[in-house]
Amino acid sequence: MQNTVAKVAVVGSGISGSVCAATLARNGISVTLFDSARGPGGRMSQRREISEDGRELLFDHGAPYFTVTNPDVLSVVTEWESRGLVAEWKSNFGSFDCFTNKIVNTEHQFSV
């Protein structure tokens with residue numbers, strides 16, 4: 001019997017697809033991750049815009065943050081953190097007021 005190399009395509013680079021791909025790769029499976037966007041998708045997608053004053057604004061399309069309780073997922077997220085792919089949330093939350101075109105309500109700081 002010949003040894004075959006397992007190759008898997010994971011469609012969707014959101015949290016679930018990324019954890020799935022990382023787990024497969026860690027177990028020696030060749031993985032190709034596909035997404036329709038140019039970066040991570042699903043609840044990890046983010047839009048970047050430059051404001052009129054030149055500041056970079058970041059808009060999270062899905063979850064602005066997530067928490068992890070499953071030890072298997074935590075090990076993957078810890079690896080992502082060590083590679084600089086995710087970071088602990090230490091920034092202020094804010095809301096964009098489309099009538100005044102200003103960011104408001106940024107006084108609350110969270111650490112998740």
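Predicted model: local features only at pLDDT ≥ 70, side-chain atom pairs only at ≥ 80, totals over all residues.
Thr67 sits in the loop that joins β4 to α2, and with 62% relative accessibility this residue is exposed (over 50% is exposed, under 20% buried, and the range in between partly exposed, using a 1.4 Å probe and protein chains only).

Residues are numbered from 1 along each chain as its sequence is written, and side-chain values use heavy atoms, with hydrogens and water left out.

**Overall layout**

- The chain holds 2 helices and 6 strands, taken as DSSP runs numbered from the N terminus (H or I with at least four residues for helices, E with at least two for strands).
- Reading from the N terminus, the order of elements is β-α-β-β-β-α-β-β.
- The chain has 112 residues, and 15% of them count as buried.
- Its accessible surface is about 8,900 Å², with 51% belonging to carbon and sulfur atoms; the areas come from the Shrake-Rupley method with a 1.4 Å probe, and for residues only the protein chains shown count as cover.
- Among contacts in the chain with a separation of 6 or more, 29% involve residues 24 or more positions apart, where contact means heavy atoms within 4.5 Å.

**The helix pair**

- Two packed helices are described by the angle between their axes and the distance between the axes.
- Here, helix α1 (residues 15-26) and helix α2 (residues 71-82) have axes that come within 10 Å and cross at roughly 90°.
- The two helices, α1 and α2, are therefore roughly perpendicular to each other.
- On the α1 side the contact is made by Ile15, Ser18, Val19, Ala22, Thr23 and Arg26, and on the α2 side by Val73, Ser75, Val76, Glu79 and Trp80.
- As for the geometry, axes are lines fitted to C-alpha atoms, for helices over the stretch in contact, with angles from 0 to 180 degrees between N-to-C directions.
- Angles of 65 to 115 degrees count as roughly perpendicular, under 35 as roughly parallel, over 145 as roughly antiparallel, and the rest as oblique.

**Salt bridges**

- Side chains of opposite charge can pair when their charged atoms come close.
- The count is 3 salt bridges, each being a side-chain nitrogen of Lys or Arg within 4 Å of a carboxyl oxygen of Asp or Glu.
- Arg26 and Glu79 form a salt bridge with an N to O distance of 3.9 Å.
- This pair ties together distant parts of the chain, as Arg26 belongs to helix α1 and Glu79 to helix α2, 53 residues apart.
- Arg26 is partly exposed at 44% relative accessible area, and Glu79 is partly exposed at 32%.
- Glu79 also bridges to Arg83, with the closest N and O atoms 3.5 Å apart; Arg83 is exposed at 54% relative accessible area.
- Asp53 and Arg55 form a salt bridge with their closest N and O atoms 3.3 Å apart, and both residues are exposed.

**A nonpolar surface patch**

- Phe59, Phe96 and Ile103 make up a nonpolar patch on the surface, with about 270 Å² of accessible area together.
- Patches take residues with over 30% relative accessible area and no salt bridge, joining like charges within 9 Å and nonpolar side chains (Val, Leu, Ile, Met, Phe, Trp, Tyr) within 5 Å.
- Phe59 belongs to strand β4 (residues 56-60) and is partly exposed at 32% relative accessibility.
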